[in-house]
Amino acid sequence: MATEVKEEVVLIAKRRPPGDQWVLLLDPNHIYPSLTDALEGYFQEAGQPCDFRLSPIKGELYAIDNVVVEKAPPPPPPPPKKFNMYGDY
């Protein structure tokens, strides 16, 4: 079976105004004083490295997870049509 890698984006933190304070969704009671601290906090909580995406206008931080998806093979093409008048049968 063929495989495909899909990018799954998961919201992990939101900015808390004023300034560059961040709150992880895993631990909403802890406020991180900077984006770098929030990234490190998420890494410590998740325990595995990943890529991140930042939406500065929305004030949201996302973790990017690459998921391998197995694709079903394409269906076989239909057999060619046979015509009795041409002697195909």
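1. Start with one pair of residues. S55 has E60 as its bridge partner in β5. S55 itself sits in strand β4, residues 51-55. Strands here are DSSP runs (E, at least two residues), helices are runs of H or I (at least four), and both are numbered from the N terminus. The model is predicted: local features need pLDDT of at least 70, side-chain atom pairs count only at pLDDT 80 or more, and totals for chains, interfaces and linings use all residues. Residues are numbered from 1 along each chain as its sequence is written, and side-chain values use heavy atoms, with hydrogens and water left out.

2. Is S55 buried or exposed? S55 is buried, at 18% relative accessible area. Buried means under 20%, exposed means over 50%, and partly exposed lies in between (1.4 Å probe, protein chains only). S55 touches E60 and Y62, leaving aside residues up to four places away in sequence. Contact means heavy atoms within 4.5 Å.

3. Now take the two strands together. β4 and β5 run antiparallel and are joined by five bridges. Two strands count as paired if DSSP finds at least two bridges between them. β4 and β5 form a hairpin with four residues between them. In the turn, G59 has a positive phi of about 70°.

4. β1 and β5 pair in the antiparallel sense over twelve bridges. One of the links is V5, whose bridge partner in β5 is V68.

5. Look next at E7, in strand β1. E7 is partly exposed, with a relative accessible area of 47%. Which residues does E7 touch, not counting those up to four places away in sequence? They are R53, I64, D65 and N66. E7 and D65 are 58 residues apart along the chain, yet their C-alpha atoms are separated by 5.9 Å.

6. Find the loop between β1 and β2, which holds P18. A cis peptide bond joins P17 and P18, with omega about 0°.

7. Finish with the lining of the largest pocket. V10, Y42, A46, Q48, P49, C50, A63, I64, D65 and N66 line it. A pocket is an open set of points on a 1 Å grid over the protein atoms alone, where a 1.4 Å probe fits, with protein on both sides within 12 Å along at least five of seven lines; lining residues have an atom within 4 Å of a point. α1 (35-46) and β5 (60-71) are the elements that give two or more residues to this lining. The largest share, four residues, comes from β5.
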